[in-house]
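Come along and check each entry against the picture.

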Amino acid sequence: MKTTAHPDARLALTTKGETTTVDLYSPEGLAMVSDLWLKLSAEFKVMYEPTWMGVRIIQLPHDIVQVQELIWRLQPDVIVETGVAHGGSLIFSASLLELMGKGHVIGIDVEIRAHNRANIEAHPMKKRITLIEGSSVAAETVAQVKALTRDAKTVLVLLDSNHSAAHVAEEIKLYGPLVTDGSYLVVMDGAQGHVSDIPRGKAEWVQDNPLTAIRQFLATNPGFVMDPHYTRLHVTSNPEGYLRKLTSEEIAARGRAAAE
Ligand SMILES: C[S@@+](CC[C@H](N)C(=O)[O-])C[C@H]1O[C@@H](n2cnc3c(N)ncnc32)[C@H](O)[C@@H]1O
């Protein structure tokens with residue numbers, strides 16, 4: 001289907017008998033279309049479609065581009081990712097590090113299925129990847145990750161495993177301290193609450209989602225700030241999910257400003 005939409009076009013969305021109407025070519029129109037695109041993508045599982053260097057990556061293309069921007073800017077020595085699934089995201093990070101000529105990716109998953117492990121291990125990017133099988137919040141997993149990140153100058157952490165608020169809150173607590181100053185803790189899939197109203201959505205997603213954990217964390221941890229730069233493409237599974245760890249200079253400057 002090809003849609004005709006002239007400059008005077010209006011969008012009307014009717015749900016539960018209530019209609020919202022906006023100008024299509026307006027910031028509100030862009031927000032509505034982006035929101036609806038996210039809901040439809042979640043309904044039709046579009047995020048399960050992309051592959052990176054032949055391996056399935058469970059991310060929307062917009063988010064892949066945004067994480068690429070972040071990795072290129074930070075040039076991290078270590079990228080830690082919880083939630084491996086097929087491994088495409090690890091291959092993606094590793095491929096960027098390969099182009100930079102440095103760095104390592106640590107992938108953690110409670111269950112790395114045999115065919116996924118075999119695929120990752122046979123991949124040319126495996127040389128930059130360490131797999132850890134175990135719960136991301138288990139003490140022995142965290143101890144291994146700590147040992148592997150100890151000497152790294154820049155550590156970036158991506159959280160994309162179990163998306164319940166409690167699990168994400170625990171991951172933030174355990175992995176936040178591993179993020180180096182000025183680097184990022186990326187908490188993925190905060191949009192789960194937003195897509196709870198799609199046909200295959202679940203009522204419990206409304207509150208039980210990563211965004212709840214992000215907001216609770218930021219409310220009590222002034223050492224991190226949410227960076228809106230990496231969600232500026234409008235469509236994202238990771239709203240409010242890019243958390244930058246302040247440097248000690250920034251924390252001192254904030255302290256001075258508050259005292260004035
Ligand atoms: C959304 S998928 C990860 C997608 C992957 N990051 C990507 O971009 O392709 C979530 C993964 O988290 C894993 N998982 C669930 N609970 C976990 C836990 N407690 N610790 C570690 N991994 C977990 C699941 O086994 C699943 O493979």
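In which helix is the place of A252? I find A252 in helix α8, residues 248-259. Helices here are DSSP runs of H or I with at least four residues, strands are runs of E with at least two, and both are numbered from the N terminus.

**Ground rules.** I note that this is a predicted model, where local features need pLDDT of at least 70, side-chain atom pairs count only at pLDDT 80 or more, and totals for chains, interfaces and linings use all residues. Residues are numbered from 1 along each chain as its sequence is written.

Y242 took me to strand β11, residues 242-245. I traced an open sheet of seven strands with mixed pairing, in the order β7-β6-β5-β8-β9-β11-β10. Two strands pair if DSSP finds at least two bridges between them. At the edges I see β7 (129-133) and β10 (224-226), each of which pairs on one side only.

**Entry on β11.** Which strands does β11 run antiparallel to? On one hand, three bridges join β10 to β11 in antiparallel fashion. On the other, three bridges join β9 (residues 184-187) to β11, again antiparallel. I followed R244 in particular: it is the bridge partner of V225, and also of Y184. K245 of β11 has F224 standing opposite.

In a regular strand the side chains alternate between the two faces of the sheet. For β11 I find both faces covered, with Y242 and R244 on one side, L243 and K245 on the other, and all of these buried.

**Entry on two loop residues.** I looked for positive phi outside glycine. K16 has phi near 50° and is found in the loop between β1 (10-15) and β2 (18-23). K16 is exposed because it has 5 other C-beta atoms within 10 Å. H234 has a positive phi of about 75° and is not a glycine either; its place is in the loop between β10 and β11. H234 counts as partly exposed, because 14 C-beta neighbours are inside 10 Å.

**Entry on a helix pair.** How do α2 and α3 cross? The axes of α2 (residues 61-74) and α3 (residues 88-100) come within 11 Å and cross at roughly 35°. Axes are lines fitted to C-alpha atoms, for helices over the stretch in contact, and angles run from 0 to 180 degrees between N-to-C directions. I listed the contact residues: I64, Q68, I71 and W72 of α2 with F92, S93 and L96 of α3. Contact means C-beta atoms, placed from the backbone, within 7 Å.

**Entry on domains.** The protein is divided into domain 1 (10-44) and domain 2 (58-253), with bounds from an automatic or database domain assignment. I noted 29 Å between the two centres, taken over C-alpha atoms. Nine residues of domain 1 are in contact with nine residues of domain 2.

Notes
Two residues are in contact if their C-beta atoms, placed from the backbone, lie within 7 Å. A residue is buried if 20 or more other C-beta atoms lie within 10 Å of its own, exposed if 12 or fewer, and partly exposed in between; C-beta atoms are placed from the backbone.
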